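These are my notebook entries on one structure. I set down what I looked up, entry by entry.

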Amino acid sequence: MAVAETGMSSLEAELPQRSARLILRRLRASDLADFQAYRQDPQVGLYQGWQAQSDAQALAFLQEMASAPLLQPGAWCQLGLAEAGSDRLIGDIGMCLAADSASVEIGFSLHAARQGQGLAAEGVGALIALLWACSPAAEVRGITDARNLGSIRLLERLGFARVDSQAAVFRGEACVEHHYRLLRSAQVAR
Ligand SMILES: CC(C)(COP(=O)(O)OP(=O)(O)OC[C@H]1O[C@@H](n2cnc3c(N)ncnc32)[C@H](O)[C@@H]1OP(=O)(O)O)[C@@H](O)C(=O)NCCC(=O)NCCS
């Protein structure tokens, strides 16, 4: 069903979205240097599903994400987090609406120098508010390696509850993944 038929606004129409210190916006080719500055940092990528890319690969990704359809069931898409003053990219957030549109999984990355300032919480919180407004999903999900304390703290700060822990294999190594969930109904009740 088209978004217009549901009465929901489209995520595309809500972008760029400004918060106190950030702009949540489309990624673009001109972000390449800033994107690589954190995507090539081994610490930022330590527990991520993605690997560092060459400049050519990263440029192709940014070009694709500049106009990729947002919230297509079953497909990941990525938005940028930029500083409000300079519009320079400092991180990104990925999202994937489930094939049945019942949930959205998210993932996030922030430049190491910009961590510890509440910016990830501000940006991810802004995206979640848009997901409630622009998708039919009843819950937002986050999956994180049990060793990824920064990610766990962020999810819990945003009100996510841990609903499961599963043994997994990440880059050939046994690990545990925590599954987190934030319910739309819990948000509305607050
Ligand atoms: C996960 C990640 C985005 C979290 O970033 P972050 O900056 O720690 O998260 P927040 O925005 O919630 O910032 C919280 C910290 O800022 C501090 N802070 C400082 N000023 C603040 C403010 N004005 N408002 C809120 N918090 C503030 C908080 O006290 C908190 O510190 P603490 O973690 O020591 O308790 C970051 O660690 C990261 O990019 N990791 C690598 C990528 C990754 O693994 N992603 C997850 C996989 S899905």
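In which helix is Arg 184 found? I located Arg 184 in helix 7, residues 184-189. I take helices (H or I, at least four residues) and strands (E, at least two) as DSSP runs, numbered from the N terminus.

Basis of the entries. I worked from a predicted model, in which local features need pLDDT of at least 70, side-chain atom pairs count only at pLDDT 80 or more, and totals for chains, interfaces and linings use all residues. Residues are numbered from 1 along each chain as its sequence is written.

Entry on Arg 184. Leaving aside neighbours within four places in sequence, I noted contacts of Arg 184 with Trp 132, Ala 138 and Glu 139; contact requires C-beta atoms, placed from the backbone, within 7 Å. I also noted that the C-alpha atoms of Arg 184 and Ser 103 are separated by 9.8 Å, although these residues are 81 apart along the chain.

I traced an open sheet of 8 strands in the order 1-2-3-4-5-6-8-7, with mixed pairing; two strands pair if DSSP finds at least two bridges between them. Strand 1 (17-18) and strand 7 (161-170) stand at the edges with a single partner strand each, so one side of each has no neighbour in the sheet. Strand 8 is joined antiparallel to strand 6 (residues 139-145) by 7 bridges, and I found Ile 143 opposite His 179 of strand 8. Strand 8 also runs antiparallel to strand 7, over 9 bridges, where Ala 167 stands opposite Val 176. In the hairpin of strand 7 and strand 8, with 2 residues between the strands, I recorded a positive phi near 50 degrees for Arg 171. Strand 4 and strand 5 pair antiparallel over 7 bridges, and Cys 96 has Glu 105 in strand 5 as its bridge partner.

Entry on the core. Which residues touch the most other members of the largest nonpolar core? I found Ile 93, Val 124 and Leu 127, in a core of 37 residues. Such a core is a set of buried Ala, Val, Leu, Ile, Met, Phe, Trp, Tyr and Cys residues joined through C-beta atoms within 7 Å. Helix 5 gives the most to this core, with 8 residues. Not counting residues up to four places away in sequence, Ile 93 touches, among others, Leu 79, Phe 108, Val 124 and Leu 127.

Entry on helix 3. I listed Phe 35, Tyr 38 and Arg 39 as the buried residues of helix 3 (residues 32-39). Seen down the helix axis, they fall within an arc of 100 degrees, so they line one face of helix 3; the arc is that of the directions from the helix axis to the C-beta atoms. Their cover includes helix 4 (55-67), strand 4 (89-97) and strand 5 (103-110).

Entry on the ligand. I found 21 residues around the ligand, of which Gln 115, Gly 118, Ala 120, Ala 121 and Gly 150 come nearest; the criterion is a C-beta atom, placed from the backbone, within 6 Å. Helix 6 gives the most to this shell, with 5 residues.

Methods:
Buried ≥ 20, exposed ≤ 12 C-beta atoms within 10 Å, placed from the backbone. Contact = placed C-beta atoms within 7 Å.
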